[in-house]
Amino acid sequence: MLDSSFPVIYQLKILLLGISPTIWRRVLVSSNSTIEDLHYIVQLAMGWSDIHLHHFIIHSQQYGITQPGGTVFSTRACEVKLASFQFREKEKFMYEYDFSHSPVMGAWRYWWRHLIRIEAILNPSPNQTYPICTGGKGVCPPENCGGPWGFMKAREEFFVPDVLERLASMSRNGNWDIDREEANELLTWLLVTQNRFDRQKINQHLLQYATGDRELMYLFRK
């Protein structure tokens, strides 16, 4: 039985909505973590670069780190602990990332929407550092690729043999410096099409975050 006087561990499943095959992560997070912590945990676990606006929607209220041009939250993300929500197993909430106001539509446009589900509430394991990623599937979409629809469309267009042939051609002709931007794009999509989820690398960066070494966190995408 869980002891409510001590921190517990939330087993969270983070599902990126609107994409098939599914892209998801399973992470273990302490209830002592803050909303600010959870933002960075989701960013690192999924593979985002934290270059856009974000917010959580928990119990019908928005939470997040206030950024220029974004929502001014009524609470400070660094002060709101997950324990304060008194989550129950199977409970769900949202994390939305990369959104802006569309002048044409006259509404907010949300590119990346994540459904977060509390799969289990556990006692912490001795000598285990949290957060930690215990499972997942799929490679994170490249930033600014047009949301789920744009991502799936582009994924079909970057056919692996064609990408390899183009890279080989650039290598033969010595055009790396001239076509650096194209080469980086091709390499990015090559990794996407291989779709190899690297849990070890994610945990390296989550450990860096947990131990306070945040300077190198976003080398995850490089």
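The structure holds nine aromatic pairs, a pair being two rings of Phe, Tyr or Trp (its six-membered ring) with centres within 6.5 Å. This is a predicted model, in which local features need pLDDT of at least 70 and side-chain atom pairs count only at pLDDT 80 or more, whereas totals for chains, interfaces and linings use all residues. Residues are numbered from 1 along each chain as its sequence is written, and side-chain values use heavy atoms, with hydrogens and water left out.

**View 1. The aromatic pair of Tyr-40 and Tyr-209.** The two rings are tilted, with 5.8 Å centre to centre and 40° between the planes; planes under 30 degrees apart count as stacked, over 60 as edge-to-face and the rest as tilted. Tyr-40 belongs to helix H1 and Tyr-209 to helix H5, 169 residues apart, and the pair thus links distant parts of the chain. Both Tyr-40 and Tyr-209 are buried (under 20% relative accessible area, with exposed over 50% and partly exposed in between; 1.4 Å probe, protein chains only).

**View 2. The aromatic pair of Phe-56 and Tyr-95.** This pair is also tilted, at 4.6 Å centre to centre and 50° between the planes. Distant parts of the chain are linked here, with Phe-56 in strand S3 (residues 54-58) and Tyr-95 in strand S5 (residues 92-102), 39 residues apart. Helices (H or I, at least four residues) and strands (E, at least two) are DSSP runs, numbered from the N terminus. Both Phe-56 and Tyr-95 are buried. Ring pairs join Phe-56 and Tyr-95 with Tyr-10, Tyr-63, Phe-85, Phe-87 and Phe-93 in a cluster.

**View 3. The packing of helix H1 against helix H5.** The axes of H1 (residues 35-46) and H5 (residues 199-210) come within 9 Å and cross at roughly 155°. H1 is therefore roughly antiparallel to H5 (angles over 145 degrees; under 35 is roughly parallel, 65 to 115 roughly perpendicular and the rest oblique). Axes are lines fitted to C-alpha atoms, for helices over the stretch in contact, and angles run from 0 to 180 degrees between N-to-C directions. From H1, Glu-36, Asp-37, Tyr-40, Ile-41, Leu-44 and Ala-45 meet Ile-202, His-205, Leu-206 and Tyr-209 of H5, contact meaning heavy atoms within 4.5 Å.

**View 4. The surroundings of Thr-34.** Thr-34 lies in the loop between strand S2 (23-30) and H1. This residue counts as buried because its relative accessibility is 8%. Leaving aside neighbours within four places in sequence, Thr-34 is in contact with Ala-77, Cys-78, Val-80, Lys-81 and Leu-82.
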